[in-house]
Amino acid sequence: MADPTVRGMPIDLRSDTVTRPTAGMREAMATAEVGDDVYGEDPTVNALESEVAALFGHEAALFCPTGSMANQIALQVLVPPGGELLCDADAHVVTYEMGAAAAYGGITSRTWPAVGADIDPDGVAGMIRPDGYWAVPTRAIAVEQTHNRGGGGVIPLDTLRELRRVADAAQSALHCDGARIWHAHVADGVPLATYGALFDTLSVCLSKGLGAPVGSLVVGTADKIEQARLVRKRMGGGMRQAGILAAAGRYALTHHVDRLAEDHAKAARLAEAITPYGVLAAPVRTNLVPLDLTKAPMDAHALAAAARAEGVLISVLGPRTARLVTHLDVTNAAIDRAATILPRILRA
Ligand SMILES: Cc1ncc(COP(=O)(O)O)c(C=O)c1O
């Protein structure tokens, strides 16, 4: 990849969704065998679905266009109209999915205060509402691994096991928004199948850190995925020769999972560079670097504008919160440069 310090290209740290398919990935896409996936006849989609199901130790998986659709399909399978979903106030499913659970699924959402990956299972247990005509029954609990607005934090395995017990005791389902579960797997060394065993459904994303242009999967039992296939069609997510896209995902699973450790190291390097300025919101565990600018001499918009003027793009999440994200398309040279530019701005 071209060195941005030489070519004057911006160093794009806004998100890990900005990556472009590599030459190898494009080759895999161009040569993919395809068929009509609505007829179940796309061999590359079928292969991807089987591979991902096996990785998580589940029976089946369903290829979807986006992570949002994969989450919402799973929630509609788990929660009947009028039922309740519990999740945290910062969860992607209630923050960035346009009210889809209510709009499409008739699902009521109730949230626990935003604590990122630092979940208190007893607190969640205390929120559960039982069946009965006098209250909205809790049907599913959703968690996010890793946690996006929680700065890429990783929910510890013990916490997830506790939550599974809480869900079982309440006869509630447990869903994982695993858009970046690959990062948790690499950071904590927890096998994907160990995560898989704890959830009724997972949505896992190929187009974030894994670098595919499109695609997420819902993972679960054969029965749930059969229902999910119907919901996907109802939502307009049935695709035809989708093997071209699934091929990118298969390539990513082979080539881009282990390398996430490099992205984590790059994020740690950025965190180290800005730590002296008191703006690191939380310890960095994966590829996200959360910034809290409450005590900084500038707000998030001013920081982003100053960084942009020097060729570094960052995300503004709120007036005093921002985020840096490392990924496949930022080189070590680019990180070195960003690690010089950002402290210079924060010092000013
Ligand atoms: C945690 C999480 N879940 C779900 C999504 C949704 O993915 P998509 O943009 O493919 O709908 C994202 C997107 O960034 C995310 O960060």
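A polar contact is a pair of N or O atoms within 3.5 Å; within protein, one atom must be able to donate a hydrogen and the other to accept it, and residues adjacent in sequence count only if both atoms are side-chain atoms. One case involves Gly67, where a backbone N or O atom lies 2.8 Å from an oxygen atom of the ligand. The model is predicted: local features need pLDDT of at least 70 and side-chain atom pairs pLDDT 80 or more, whereas totals for chains, interfaces and linings use all residues. Residues are numbered from 1 along each chain as its sequence is written, and side-chain values use heavy atoms, without hydrogens and water.

**Ligand surroundings**

- The residues around the ligand (a heavy atom within 4 Å) include Thr66, Ser68, Asn71, His92, Glu97, Glu144, Asn148, Ala179 and Arg180.
- Asp177 has a side-chain N or O atom 2.7 Å from a nitrogen atom of the ligand.
- Lys208 places a polar side-chain atom 2.9 Å from an oxygen atom of the ligand.
- Of the 390 Å² of accessible area that the ligand has on its own, the protein covers 84% (Shrake-Rupley method, 1.4 Å probe; for residues, only the protein chains shown count as cover).

- Helices (H or I, at least four residues) and strands (E, at least two) are DSSP runs numbered from the N terminus.
- In strand E7 (residues 201–205), five of five residues are buried (under 20% relative accessible area, with exposed over 50% and partly exposed in between; 1.4 Å probe, protein chains only).
- Side chains in a regular strand alternate between the two faces of the sheet.
- In E7, Thr201, Ser203 and Cys205 point one way, while Leu202 and Val204 point the other way.
- Strands pair if DSSP finds at least two bridges between them; E7 runs parallel to strand E6 (residues 173–178), with four bridges joining them.
- Strand E8 (residues 216–220) pairs with E7 in the antiparallel sense, also over four bridges.
- Val204 stands opposite Gly178 and has Leu217 of E8 as a bridge partner.

**Aromatic pair**

- Rings of Phe, Tyr and Trp (its six-membered ring) pair if their centres lie within 6.5 Å, with planes under 30 degrees apart counted as stacked, over 60 as edge-to-face and the rest as tilted; the count is one aromatic pair.
- The ring centres of Phe56 and Trp182 are 5.6 Å apart and their planes stand at 65 degrees, so the pair is edge-to-face.
- Because Phe56 lies in the loop between helix H3 (43–55) and strand E2 (60–64) and Trp182 in helix H9 (residues 181–188), the pair ties together parts 126 residues apart in sequence.
- Phe56 and Trp182 are both buried.
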